[in-house]
Structures are given as structure tokens and as C-alpha cells.
Amino acid sequence: MGVTEILSPERVSVASEAEGGVRSKSDAIRRLSVLLAIGDAALSAHEIERVLAEREGLQSTGVGGGVAIPPPPPPPSPALLPAAGGGD
């Protein structure tokens, strides 16, 4: 299975200055929360952001090089929704 089979283009952000740069961990969490909320009526970006920030507060999910592996989505979402973000 290739990455294009699980990651849709609308859930990818390069965080360019045109999109509003990502300068902090909270900016990155906010950006990814919006991407993850696309097409999911059960969860709002705000709720996803809250859960990701709470999880990040327990222990960083960062693995280096600007990459993080977040935890599974909170209930009631039954599916793992991939999103990707990067910077200039």
C-alpha cells in the first residue's frame, strides 16, 4: 500500500508562508487538527486540537526532523485519519 492510498491531498500542508507559517509546536498541532477534521462531521478541529495538545503534554510524539507520530483519534471517530504537514 502506497502513501497516496491512505493520505489524500486535502490532508497535506506544506506550511508555507502563504498558508501562514508554522513556528511552534502549538501551530503545528492546530494546522494538523484542521487537516484531520476535513470530512469528519463527528469531530471538530477544536476537539482534535485539544486531544492532540493533551497527549503531547504527556510525552512528545516528535521523532525528529520535524516528524511526529500522533496517537489514534479520540472517540467517536472510528477511523484513523492520516494528515501530513511540513515546513519551508
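Colleague: How exposed is E47, and what is its relative accessible area?
Modeller: This is a predicted model, to start with. In it, E47 comes out as partly exposed, at a relative accessible area of 25%.

Colleague: Which side chain does E47 meet in a salt bridge?
Modeller: That would be R50, with 2.7 Å from N to O. R50 is partly exposed as well, with a relative accessible area of 40%.

Colleague: And how far apart are R50 and E47 along helix α3?
Modeller: They are 3 residues apart in α3, which means about one helical turn separates them.

Colleague: Which residues of α3 are buried?
Modeller: I48, V51, L52 and E56 are buried. They sit on the same side of α3, because they cover an arc of only 135° around the axis.

Colleague: What covers those buried residues?
Modeller: The cover includes helix α2, residues 25-37, and strand β2, residues 62-64.

Colleague: And which exposed residues are on the face turned away from the buried side?
Modeller: H46, G57 and L58 are the exposed ones there.

Colleague: What does the E56 side chain pair up with?
Modeller: K25, in a salt bridge with 3.2 Å between N and O. E56 is in helix α3 and K25 in helix α2, so this pair ties together parts that are 31 residues apart in sequence.

Colleague: How many salt bridges are there in the whole structure?
Modeller: A search of the whole structure turns up 5. One of them joins R30 and E49, whose closest N and O atoms are 3.5 Å apart. R30 belongs to helix α2 and E49 to helix α3, so that pair links parts 19 residues apart in sequence.

Colleague: Which residues are linked with R30 and E49 in a network?
Modeller: D27 is the other member: D27, R30 and E49 are linked in a network of salt bridges.

Colleague: New topic. Where does R11 lie?
Modeller: R11 is in the loop between α1 and β1, and β1 covers residues 12-13. R11 is buried, with a relative accessible area of 12%.

Colleague: How far is R11 from V34, in sequence and in space?
Modeller: They are 23 residues apart in sequence, and 8.7 Å apart in space from C-alpha to C-alpha.

Colleague: Last one, the surface. Which residues form the nonpolar patch?
Modeller: M1, V3 and I6 form it, and together they have about 370 Å² of accessible area.

Colleague: Where in the chain is M1, though?
Modeller: M1 is in the segment before α1, the helix at residues 3-6. M1 is exposed, at a relative accessible area of 83%.

Notes
Residues are numbered from 1 along each chain as its sequence is written. This is a predicted model: local features need pLDDT of at least 70, side-chain atom pairs count only at pLDDT 80 or more; totals for chains, interfaces and linings use all residues. Side-chain values use heavy atoms; hydrogens and water are left out. Buried means under 20% relative accessible area, exposed over 50%, partly exposed in between (1.4 Å probe, protein chains only). Helices (H or I, at least four residues) and strands (E, at least two) are DSSP runs, numbered from the N terminus. The arc is that of the directions from the helix axis to the C-beta atoms. Contact means heavy atoms within 4.5 Å. Patches are made of residues with over 30% relative accessible area and no salt bridge: like charges are joined within 9 Å, nonpolar side chains (Val, Leu, Ile, Met, Phe, Trp, Tyr) within 5 Å. Accessible areas come from the Shrake-Rupley method with a 1.4 Å probe; for residues, only the protein chains shown count as cover. A salt bridge is a side-chain nitrogen of Lys or Arg within 4 Å of a carboxyl oxygen of Asp or Glu.
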